[in-house]
Amino acid sequence: MRLSTVAARRIALAAQGFGGSRPAPWTATSRQVQRVIDTLGIIQIDSVNVVSRSHYLPFFSRLGPHDSGLVDRARDRAPRRLVEYWAHEASLIPPATWPLLDFRMRRAHDESWGGMQSVKRDHPELVEAVLAEVRARGPLTSRQLEAALAHDLPRERDQWGWNWSVVKSALEQLFWAGEISSAGRTSQFERRYAVPSRVLPPHLRELAESPAARPPDDEAFVELVRIAARAHGVGTEQCLRDYFRLKPEQARPAIEALVSAGELEPVAIEGWKRPAYLHRDARRPRRISARALLSPFDSLVWQRDRTSALFGFDYRLEIYVPQERRVHGYYVLPFLLGEDLVGRVDLKADRARGRLLARKVTWEPGRGAGDDLHELHEELALMAQWLGLADAEVVRSGA
């Protein structure tokens, strides 16, 4: 089968939750939040709070103004519908996905970052103490954990060369290894560490307590690629691998299995050099009428080659680029209008003045005329309302 770029773009947008209309402002329900969770499969976390914590933005993009407490409840209250782990990057995922990432948890013992490796090697007794404390007292924030350890084990502080970075490295090692999880976040965005059996729903607790009960790696890879394929609608091997950051040798047999089962169909897409795969349940709409400001960490634009091939939109995250070298700004949100990415908006929530500032708007060639600008102003006004800000202001707009 051959698909035009336009058809592939529409399939991709529908698969990412942009195929229908949003609910009326402030009417979204927990069921609609759950639909976004089920559609995307992963919501990336990032601590930057220039506009909003990034994991809230994909819900706004698809639901418009809504109660963000619905997302907090899905993450923080039992039975949880979102849990944290390293899925794409630091991410929120449905609890059922957590045991599928056991292969990554096992890698933590050998492939974790330097600080984690050193604390495991040089202070194994501290790692055990941290785990025991979380088991006994969790959920605990890292600060609460440090205070608890100082109270319970005061004499060991000198032996460990105690400092905050060592304790934090121990926590991150255990989190990566799946021996502890997160029961949610505080209002200051601090993780509340707990053992997985206290976080996962009852029907998954055996998998939390017994790694041997988790699916074998080959079955897990098939399921992870299946989730990615549904969320893409259509995509190359590179697209499907990137969703859960799988290696080629992990993803290729899974893709072949799904092709053999008839869940994926190989297709050629106009202008794409690599073969692609269409999910059998992918919607194929005749048109898309979306409008959304996308988080820099939205799954629609994760894979930059895909974004370029689908939309002709070359997107680069400039948060970590020195200010003098930035082209479009610091926290730049792509603007989706209709079925095209038509511009980039460098946004900042000026909470002191109660304003949402579009510090710079850069339009794609041929875009930015009256209708485009009107639609952007409307979307900015909705976002300002959602953020509890009085109004929105475009400081600078141009090509």
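This report describes salt bridges in a predicted model.

Local features are given where pLDDT is at least 70, and side-chain atom pairs count only at pLDDT 80 or more, while totals for chains, interfaces and linings use all residues. Residues are numbered from 1 along each chain as its sequence is written, and side-chain values use heavy atoms, with hydrogens and water left out.

A salt bridge is a side-chain nitrogen of Lys or Arg within 4 Å of a carboxyl oxygen of Asp or Glu. The count by this rule is 31 salt bridges. Among them are these pairs:

| Pair | N to O distance |
|---|---|
| Arg9 and Asp340 | 3.1 Å |
| Glu237 and Arg252 | 3.0 Å |
| Arg291 and Glu379 | 2.7 Å |

Helices (H or I, at least four residues) and strands (E, at least two) are DSSP runs, numbered from the N terminus. Accessibility is sorted by relative accessible area: buried is under 20%, exposed is over 50%, and partly exposed lies in between (1.4 Å probe, protein chains only).

The salt bridge between Arg9 and Asp340 links distant parts of the chain, 331 residues apart: helix H1 (residues 5-15) holds Arg9, and strand E12 (residues 340-350) holds Asp340. Arg9 is buried at 12%, whereas Asp340 is partly exposed at 28%.

Arg291 and Glu379 also meet in a salt bridge. Arg291 is in strand E10 (residues 290-293) and Glu379 is in helix H16 (residues 370-386), so this pair ties together parts 88 residues apart in sequence. Arg291 is partly exposed at 21%, while Glu379 is buried at 0%.

Salt bridges also link Glu84, Lys168, Glu172, Arg185 and Arg191 in a network.
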